[in-house]
Amino acid sequence: MASDNFQAHDYYLMDELLSDEHKLIRETARAWVKKEVSPIVEDACQKAEFPKQWIKGLAEIGAFGPYIPTEYGGAGLDQISYGLIMQELERGDSGLRSTASVQSSLVMFPIYTYGSEEQKKKYLPKLASGDMMGCFGLTEPDHGSNPNGMITNFKDAGDGKHVILNGAKMWISNSPFADIAVVWAKDEAGDIRGLVVERGMKGFTTPETHGKWSLRASATGELVFDNVKVPRENIFPNIKGLKGPLGCLNSARYGISWGVIGAAMDCYDSALRYSKERIQFGKPIGAFQLTQKKLAEMITEITKAQLLTWRLGVLKNEHRATPAQISMAKRNNVHMAITIAREARQIHGGMGITGEYPIMRHMMNLESVITYEGTHDIHLLITGMDVTGFNAFG
Ligand code: TGC
Ligand code: FAD
């Protein structure tokens with residue numbers, strides 16, 4: 001990207017709903033993205049590489065476990081702070097936000113919520129500081145939207161101290177470099193349990209997935225378990241059943257609903273500036289009604305998403321946000337962002353397909369975001385079930 005001239009847009013004066021601490025946290029994340037991410041993100045995507053130097057910076061701005069208590073190394077912040085950090089990171093790139101989402105909501109959250117005191121002390125401070133990176137294994141080659149059908153399983157090793165884990169997970173963000181994996185697998189009774197698998201355990205491999213046209217600055221891979229001997233003390237003692245991994249998804253989906261507003265704002269901001277600078281037929285293209293329709297609809301949808309997400313953040317701070325409310329926000333906001341990215345691409349004309357502007361990169365990234373953490377249609381069915389009481393899944 002040539003230069004990062006991003007200016008945030010706040011049409012309904014939403015800043016008045018934020019505390020000074022919220023604004024400081026957001027400005028810190030925004031400044032870090034401008035300085036450390038924007039100058040290299042285009043190159044990283046072209047090369048399909050996750051820049052590892054971002055890890056320390058993410059830890060320093062509090063992006064790993066923002067809402068995890070300080071006694072475990074987290075930042076002890078509220079849910080709106082978490083959302084604002086995700087927004088700023090995804091303004092930079094969805095792959096960057098993915099790395100922070102996974103570390104915070106899918107690795108630190110389950111260890112904090114379901115783990116033993118020993119597990120919390122062993123892993124959380126290192127995950128918060130970025131000295132240890134984690135990934136989350138739920139999806140399998142044959143079980144994506146329906147994780148309850150998973151076949152990855154463990155059985156007693158016969159020594160009373162270990163279990164033997166077999167199976168495979170697919171599409172796992174951060175797996176190629178993660179030090180630990182939070183893995184969901186069935187026990188001998190067929191119940192879903194969570195356990196921490198560490199890199200280096202014999203029979204555990206993490207092959208990288210190549211050839212992605214989306215989320216190229218995020219490393220994606222598999223988790224393969226071939227008779228991996230895992231200590232029983234690595235099993236989460238305080239959770240059993242699908243509600244364990246789904247509980248983590250509530251937190252990650254909430255973060256995504258904020259994050260994609262960042263990507264949408266970046267596309268809108270770039271399109272607005274371009275529409276004032278680009279002259280055709282003797283006028284800036286922003287003077288044509290059809291361009292104004294696109295821009296007016298974009299800022300309207302961004303503003304609606306900001307309001308939806310802010311309210312969801314208040315409910316989440318009060319522990320009143322329901323999974324179905326989170327599904328509505330994830331679905332609405334990702335669709336809003338991808339639609340804006342496509343319209344912004346049109347406004348940029350041919351330039352919109354180049355790396356000179358962030359548009360095409362956001363657009364491609366959002367094709368993953370609209371699928372992971374529950375597809376667009378799965379979230380629609382969650383809302384449908386919530387309002388009718390009828391389950392249309394199976
Ligand atoms: P169902 O029978 O409805 O529920 C089973 C149990 O779970 C409870 N539950 C929840 N608990 C907490 N949070 C939620 N959101 C929950 N939803 C349901 C439910 O009450 C029940 O509890 P209990 O006590 O009765 O046992 O389950 P189902 O098998 O019918 O499936 C429901 C469905 C389809 C909604 C669910 O499986 C689903 O959400 N599927 C989508 C899968 C998904 O989102 N995968 C994401 C993988 S991780 C990922 O994509 C990371 S990307 C990271 C990045 O890079 O940013
Ligand atoms: P499928 O479930 O096969 O769905 C295919 C299509 O069928 C979709 O359109 C879906 O909406 C539709 N469909 C399915 N069931 C129904 C139904 N009942 N009614 C109507 N339509 C239906 N997973 C992890 O565990 N950890 C990760 O870190 C992770 N990171 C990811 C990173 C990337 C880049 C990607 C692309 C995925 C990642 N995932 C991860 C996996 C992701 O969560 C799954 O891809 C997603 O849940 C969908 O599963 P699937 O791809 O198997 O699609």
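Which polar backbone atom lies 3.3 Å from a nitrogen atom of ligand 2? I looked it up: the atom belongs to Phe393. I count a polar contact as a pair of N or O atoms within 3.5 Å; within protein, one must be able to donate a hydrogen and the other to accept it, and residues adjacent in sequence count only if both atoms are side-chain atoms.

**Ground rules.** I am working with a predicted model, where local features need pLDDT of at least 70, side-chain atom pairs count only at pLDDT 80 or more, and totals for chains, interfaces and linings use all residues. Residues are numbered from 1 along each chain as its sequence is written, chains are lettered from A and ligands numbered from 1 in written order, and side-chain values use heavy atoms, with hydrogens and water left out.

**Ligand 2.** A polar backbone atom of Phe136 is 2.9 Å from a nitrogen atom of the ligand. On the side chain of Thr375, an N or O atom is 2.7 Å from an oxygen atom of ligand 2. The protein covers 67% of the 980 Å² of accessible area that ligand 2 has on its own (Shrake-Rupley method, 1.4 Å probe).

**Strand E3.** Next I followed E3, residues 162–173. Strand E3 pairs with E7 (residues 220–231) in the antiparallel sense over nine bridges; pairing takes at least two DSSP bridges. Ile164 stands opposite Lys229 in E7. I also noted strand E6 (residues 204–205), which runs antiparallel to E7 and is joined to E7 by two bridges. There, Thr205 has Val224 as its bridge partner.

**Ligand 1.** I then turned to ligand 1, with 26 residues around it. Among the nearest is Ser98. An N or O atom in the Ser98 side chain is 2.9 Å from an oxygen atom of ligand 1. A polar backbone atom of Ser145 is 2.9 Å from a nitrogen atom of this ligand. For Tyr372, a side-chain N or O atom is 3.3 Å from an oxygen atom of ligand 1. The protein covers 71% of the 1,100 Å² that ligand 1 has on its own.

Which helix gives the most to this shell? My entry reads H6 (243–277), with six residues.

Definitions and conventions:
Helix = DSSP H or I, 4+ residues; strand = E, 2+ residues; numbered from the N terminus. Near = heavy atom within 4 Å.
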